[in-house]
Every structure is written in C-alpha cells, then in structure tokens.
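Here's a quick briefing to read alongside the model. Have the sequence and the 3D view open as you go.

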Amino acid sequence: MKITMHRGAKTIGGTCIEIEHEGTRIIIDMGIPLMDSSGKEIDKNLLKNPTTDNGILPRVSGLYKEDIPTISAVLVSHHHQDHYGLINHVHPSIPIYASQGTKELIEIGNIFCGPKVNLSNIKIFEHWKEFYINSIIIKSYLMDHSGFDASAFLIGTEKNRNTIFYTGDFRAHGNKGNLFKKMIGNPFTNLKVLILEGTNFIDIVPEYPDEKSVKNAFIKLFKNQSGPSFICSSGSNIDRIVNLYKAIRTSRKILVIDLYSAFVLDRLKTVTTRIPQFNWRNIRVYFEGSHKHLLEKTLGKSSYEKFESRIIKIEDVALLGNRAVIKIPPNRIESVMRRVPNKTGMSTIVYSMWKGYLKNTTIYDKLCTKHGMDFKYIHTTGHAYREDLVMLANVQNEESIIIPVHTCHGDDYEKYFRKERVVKLEDSNNEYTVK
Ligand SMILES: [Zn+2]
C-alpha cells in the first residue's frame with residue numbers, strides 16, 4: 001500500500017492524500033487550501049478559478065473532469081470547506097464517499113452558499129461498517145470534531161485490515177469526547193501507519209479548554225444578563241448549538257435562532273435525534289437576510305413554512321427582555337442589530353467561533369460602545385490538543401509510523417515521538433510505501 005501526500009503535510013487546510021493498492025487509487029479529502037506552502041494566506045482570487053497551474057488544485061493524475069479517470073473513489077472526512085471544497089472539480093464518474101451528516105451539510109451548502117457541489121455520484125457510508133473499493137477495505141470512525149458527523153478512516157486489505165489510520169480533524173474535548181476515550185482504550189492491532197492531524201501541535205493555554213467550559217460560560221453570562229445577548233456562531237457547528245441550548249435551558253432563557261440554523265437542525269434530525277429542533281420548548285426562529293429567498297428558489301415555499309409556526313420578528317426580541325439569547329450568523333450582526341428598534345438594556349455580544357475568522361473587532365467595538373454592551377469571546381478549538389494527539393499515537397503499536405498532516409508544526413512531532421517513528425512527507429507527490 002502506498003501513501004502519496006498531495007497536500008497537507010505542512011499546511012492547515014486543503015488536505016489531499018492518495019492511497020494506492022494493487023492499482024486501485026483512492027483520494028482522501030479534497031479541500032480548499034487556507035494557506036500556501038510558505039504559510040501565507042491563499043489569494044482569494046485564485047479560488048475563483050482553481051487550476052493545477054495556479055496551485056489550488058493538487059496535481060493528481062486521473063482525478064479531474066478533463067482527465068481520463070483513473071481514481072476509483074474520493075473519500076470526504078467531513079463537511080468543512082478545507083476538506084471537501086474542491087470536489088466539484090473531480091471527474092463526474094468518480095464516486096464521492098461521505099457520511100450521511102456530511103452529505104446533508106454539503107447539500108445545505110449548495111442551497112445557501114456557492115459554488116455548487118455536484119452530488120450526483122455520492123455514496124453514503126455508515127460509521128464502524130467496512131466497505132470495499134476494489135481490494136481496499138475502509139472503515140469510518142465517527143470522531144469528535146466541530147464539524148458534524150466527522151470521520152476518520154481505517155484503511156487496509158483482506159490480509160491486513162489495520163494498515164493505515166487517517167484521523168481527519170478531531171478533538172477529545174467536545175460533546176463526543178467519549179469517542180476518543182473509546183479509541184484510546186481500543187488501540188488498533190498491528191497498525192502500520194497513523195496519519196495524524198496536528199493543527200494544535202503547539203503549546204496553548206486555552207481560556208475555554210472544552211465544550212463544557214463554553215457551556216458553563218454561557219450559563220454564567222445568561223443568568224446575569226440585563227437584556228438580550230447576541231451570539232455569533234456558525235449554524236453548522238452543532239456541538240456549539242447543543243451547548244447554547246443546554247445553557248439557555250439551565251438559565252431559563254429563550255433561544256432565538258435564524259432560519260438557516262433552524263433548517264440545518266431540521267435536516268440533521270435524520271442523522272441524530274439528540275440535537276435541538278425549532279419546535280422545542282424555549283426556541284423561536286427569526287427570518288433574516290436572504291435565507292427565505294434562497295430556500296424558496298431551490299426547494300419551494302414548503303421548505304420554510306413549518307418554521308413560521310415558531311417565528312419571532314427580530315424587531316420584537318427586545319420584548320423578551322433579559323430572557324432573549326439570539327444566535328446570529330457571523331457577519332450579520334450589524335444588520336440584525338439595526339432591526340432591533342429599542343437597544344436600551346442590550347447586554348452582550350459574544351463571538352463564539354475560531355478567532356482566525358475575526359479579522360478585526362471594529363464592528364463589535366463600535367456596536368458595543370454605541371449601545372453600552374459588553375463584548376466577549378467564548379470558544380473552544382475544534383482540534384485536539386497536543387497531549388491528546390500524543391496519547392492517541394502512543395497507545396498504538398510502537399513500531400507504527402506517524403505521518404503529520406493538517407499542521408504547520410510537523411517538525412515538532414519528532415520531539416514527542418521516537419525519531420524513527422515520524423515520517424515527514426512533502427507536499428506534491430511525496431510517497432511512502434507501507435512495509
Ligand atoms: Zn474540520
């Protein structure tokens with residue numbers, strides 16, 4: 001079995017790994033890069049027309065629309081753009097494999113954001129069940145990550161099922177942290193290669209170390225709020241919405257969510273019944289921006305009519321006083337605040353996403369100063385801490401090789417593992433043949 005790192009050895013985002021066995025070639029993840037090989041942020045203009053020449057599409061033969069297809073499958077680990085955002089360029093005859101939740105979220109992305117991803121050749125796999133792509137056997141493991149329904153892949157053959165484990169993006173401190181504990185308690189027998197993400201392979205002292213501490217910070221904040229609070233978070237970060245909901249229940253508040261979030265939660269109920277829904281007690285829905293229009297255009301009126309039974313106008317949230325907690329899509333804070341007629345007594349704006357998205361705080365500072373509100377940053381990372389990464393690697397067969405991926409700190413792996421265990425690949429056709 002041969003591993004080719006097309007991208008991701010030294011960067012975060014844009015991961016693309018090829019696995020080959022007896023002539024069958026599969027690709028794992030096909031994401032949009034966030035940075036170039038020198039660590040500089042990707043020029044957004046290049047993303048408008050991705051090509052292999054401009055470096056956005058990794059150079060993989062037999063993968064793209066204009067090629068004679070020789071790749072047997074593309075596996076998507078989860079719905080974050082830096083893992084699936086380029087699959088639209090894949091030859092339409094090559095099947096895309098994803099979990100049910102990943103597929104749902106990509107479909108939702110097709111409705112609300114561009115560019116549209118062709119899903120006509122998508123195949124759904126179930127977690128913890130093996131499936132075959134010719135002689136390659138794959139088993140998906142559900143992982144704890146800020147991306148919903150994220151997979152890791154155990155890849156092998158009839159002779160050796162535990163050849164390669166690709167972690168995808170994961171963490172141990174989210175709502176599904178038990179999955180990590182289970183994995184630590186059940187190392188793979190005779191694993192040969194661990195392809196280990198290392199976004200956080202650095203020293204960090206987080207203010208909020210886990211999702212639980214985020215939930216507790218929300219509870220503390222809501223209990224003491226003098227008026228409505230506004231929470232800027234991603235509608236597809238389901239762990240965060242679950243904890244927001246738990247926090248409003250404990251502090252006896254009302255969670256007001258935007259139509260997009262209500263739609264996402266409704267679609268994902270086919271995957272899990274354990275996430276809040278628009279018609280649950282203490283939840284209301286407001287219609288904001290173009291969401292209603294986009295739903296009507298793609299799926300018709302019936303796609304949003306049911307949410308109208310729980311509607312509250314954003315103009316009326318002030319009437320809920322200190323009971324209101326309003327979840328806002330990032331970048332809508334100004335337009336939402338503008339629609340609130342009486343801003344006296346407004347409490348706090350919370351930014352609850354990765355700080356990297358918060359280019360500057362000017363908008364928040366302005367709004368807070370203008371309306372006498374507080375600004376708070378309450379968030380925990382979607383990626384495992386170094387101690388958890390090291391733990392996962394160290395419970396495996398001690399002869400197994402570790403390949404760093406999705407990291408800018410690949411050189412540091414050697415400080416934490418025996419040098420002979422670490423194989424640092426370079427991007428672009430740097431291969432490792434599994435012994
Ligand atoms: Zn991710």
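Five of the five residues of strand 15 are buried, so this strand is largely enclosed by the rest of the structure. Buried here means 20 or more other C-beta atoms within 10 Å of the residue's own, exposed means 12 or fewer, and partly exposed is in between, with C-beta atoms placed from the backbone. Helices (H or I, at least four residues) and strands (E, at least two) are DSSP runs, numbered from the N terminus. Keep in mind that this is a predicted model: local features need pLDDT of at least 70, side-chain atom pairs count only at pLDDT 80 or more, and totals for chains, interfaces and linings use all residues. Residue numbers start from 1 along each chain as its sequence is written.

**Strand 15 and its sheet**

- A324, I326 and I328 point one way from strand 15, V325 and K327 point the other way, and all are buried.
- In a regular strand, side chains alternate between the two faces of the sheet.
- Strand 12 (residues 229–232) runs parallel to strand 15 (residues 324–328), and four bridges join them.
- Along that pairing, I231 stands opposite K327, and C232 has I328 as its bridge partner.
- Strand 13 also runs parallel to strand 15, joined by three bridges, with I254 opposite A324.

**Helices packed on that sheet**

- Residues are in contact if their C-beta atoms, placed from the backbone, lie within 7 Å.
- Helix 7 is mostly covered, with seven of its nine residues buried: L259, Y260, S261, A262, F263, V264 and L265.

- Another open sheet has six strands in the order 7-8-9-10-11-18, and its pairing is mixed.
- Strand 7 (130–133) and strand 18 (401–405) each have a single partner strand, so one side of each is left without a neighbour in the sheet.
- The twist here averages 25 degrees from one strand to the next.
- Strand 9 (residues 150–156) and strand 10 (residues 164–166) pair in the antiparallel sense over three bridges, and F153 has Y166 in strand 10 as its bridge partner.

**Two domains**

- The protein is split into domain 1 (2–203 + 382–433) and domain 2 (211–377), with bounds that come from an automatic or database domain assignment.
- Their C-alpha centres lie 32 Å apart.
- The contact between them takes 14 residues from domain 1 and 16 residues from domain 2.
- On the domain 1 side, the touching residues divide into five nonpolar, seven polar and two charged. Ala, Val, Leu, Ile, Met, Phe, Trp, Tyr, Cys and Pro count as nonpolar, Asp, Glu, Lys and Arg as charged, and the others, Gly among them, as polar.

- L392 is found in helix 12 (residues 386–394) and counts as buried, with 22 C-beta neighbours inside 10 Å.
- Leaving aside neighbours within four places in sequence, L392 is in contact with M183 and I184. L392 and F180 are 212 residues apart along the chain, yet their C-alpha atoms are separated by 8.4 Å.
- F375 lies in strand 17 and is partly exposed, with 14 other C-beta atoms within 10 Å.
- Beyond neighbours within four places in sequence, F375 is in contact with I349, T361, Y364, D365 and C368.
- F375 and T433 are 58 residues apart in sequence and 51 Å apart in space, C-alpha to C-alpha.

Key. Two strands pair if DSSP finds at least two bridges between them. Axes are lines fitted to C-alpha atoms, for helices over the stretch in contact, and angles run from 0 to 180 degrees between N-to-C directions. Two residues are in contact if their C-beta atoms, placed from the backbone, lie within 7 Å.
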